[in-house]
Amino acid sequence: MATSAPPRWRAWWENIQILIIALILALLIRVFVAEPRFIPSDSMLPTLEVGDRLIVEKLSYHLRPPAFGEIVVFDPPQQLQIQGYTKDQAFIKRIIGQPGQTVQVNNGTVFVNQQPLQEPYIAAPPNYTLPPVTVPEGEFFVMGDNRNNSNDSHVWGFLPQQNIIGRAWFRFYPFDRLGLVERKDQETGY
């Protein structure tokens, strides 16, 4: 006559199975869907502040390319790794130039394809000059909203699309700034 496991052992085993399933689901969501991130620097002021916590959404770039004005989180490209940044030190910047577009900075204004950008979201106009550069296929030109205090494409070059982890989607902390992280439209700046 076969005896079954005691009820206490069976309940314990069922709880372990539920925990294992939950851990696998959490891992899959973090790897393929979304993950939390912390803002460690002031390069995106005033849009994002030091200490902000965000949800980075990862699915949309499997369906479409990154768009102008979206804030992206990315692994440092080779140029930054040469400077000493490790592959796991994620950066966050705004997409300013897409493949085939020409970006230039002159007299405190960013130009894309010779058109000045309206950027009411930046901390201050850039106090540097960047000669015209054309964004190669498969790469992007990214800048921090705190233009004069941002280690971005004007310093180290283009961002390969394969380095992009995802887009900043939702700020969940601090609670008084809770909400979507919206992209800025090229025409209006909003």
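Helices (H or I, at least four residues) and strands (E, at least two) are DSSP runs, numbered from the N terminus. The model is predicted: local features need pLDDT of at least 70, side-chain atom pairs count only at pLDDT 80 or more, and totals for chains, interfaces and linings use all residues. Residues are numbered from 1 along each chain as its sequence is written, and side-chain values use heavy atoms, with hydrogens and water left out.

Two cis peptide bonds are described here, along with two positive phi values. For background, most residues other than glycine have a negative phi, and most peptide bonds are trans. The bond from Leu-45 to Pro-46 is cis, with omega near 0°. Pro-46 sits in the loop between strand 1 (34-38) and strand 2 (53-57). The bond from Tyr-173 to Pro-174 is also cis, with omega near 5°. Pro-174 belongs to the loop between strand 11 (164-173) and strand 12 (179-180).

The positive phi values fall at Asn-113 and Gln-114. Asn-113 has phi near 50°. Its place is the loop between strand 6 (109-112) and strand 7 (115-116). Asn-113 counts as partly exposed because its relative accessibility is 39%. Gln-114 has phi near 65°. This residue lies in the loop between strand 6 and strand 7. Gln-114 is at 70% relative accessibility and therefore counts as exposed.

Strand pairing was assigned from bridges: two strands pair if DSSP finds at least two bridges between them. Strand 11 has several such contacts. It runs antiparallel to strand 2, to which 5 bridges join it. Within this pairing, Arg-53 has Tyr-173 of strand 11 as its bridge partner. Strand 3 is joined to strand 11 by 3 bridges, and these two strands also run antiparallel. Here Val-72 has Arg-167 of strand 11 as its bridge partner. Strand 12 pairs with strand 11 in the antiparallel sense over 2 bridges. Phe-170 has its bridge partner, Leu-180, in strand 12. Strand 11 and strand 12 form a hairpin, with 5 residues between them.

A further sheet is open and has 4 strands in the order 7-6-5-8, with antiparallel pairing. Strand 7 and strand 8 (130-134) stand at its edges, each with a single partner strand, so one side of each has no neighbour in the sheet. Strand 5 (residues 102-106) pairs with strand 8 in the antiparallel sense over 3 bridges. Val-103 has Val-133 of strand 8 as its bridge partner.

Aromatic contacts were then examined. A pair of aromatic rings is described by the distance of the centres and the angle of the planes. Rings of Phe, Tyr and Trp (its six-membered ring) pair if their centres lie within 6.5 Å; planes under 30 degrees apart count as stacked, over 60 as edge-to-face and the rest as tilted. By this rule there are 7 aromatic pairs. One of them, Phe-74 with Trp-156, is tilted, with 6.0 Å centre to centre and 50° between the planes. This pair links distant parts of the chain: Phe-74 is in strand 3 (residues 71-74) and Trp-156 is in helix 3 (residues 153-156), 82 residues apart. Both Phe-74 and Trp-156 are buried. Tyr-173 and Phe-175 form an edge-to-face pair, 5.3 Å centre to centre, with 85° between the planes. Tyr-173 counts as partly exposed because its relative accessibility is 36%. Phe-175, at 64% relative accessibility, therefore counts as exposed.

One aromatic cluster is formed by Phe-74, Tyr-85, Phe-91 and Trp-156. A charge also meets a ring in this model: Arg-94 lies over the face of Tyr-121, at 4.2 Å from the ring centre. The rule requires NZ of Lys or CZ of Arg within 6 Å of the ring centre and within 35 degrees of the ring normal.

Terms used:
Buried < 20%, exposed > 50% of the residue type's maximum accessible area, 1.4 Å probe, protein only.
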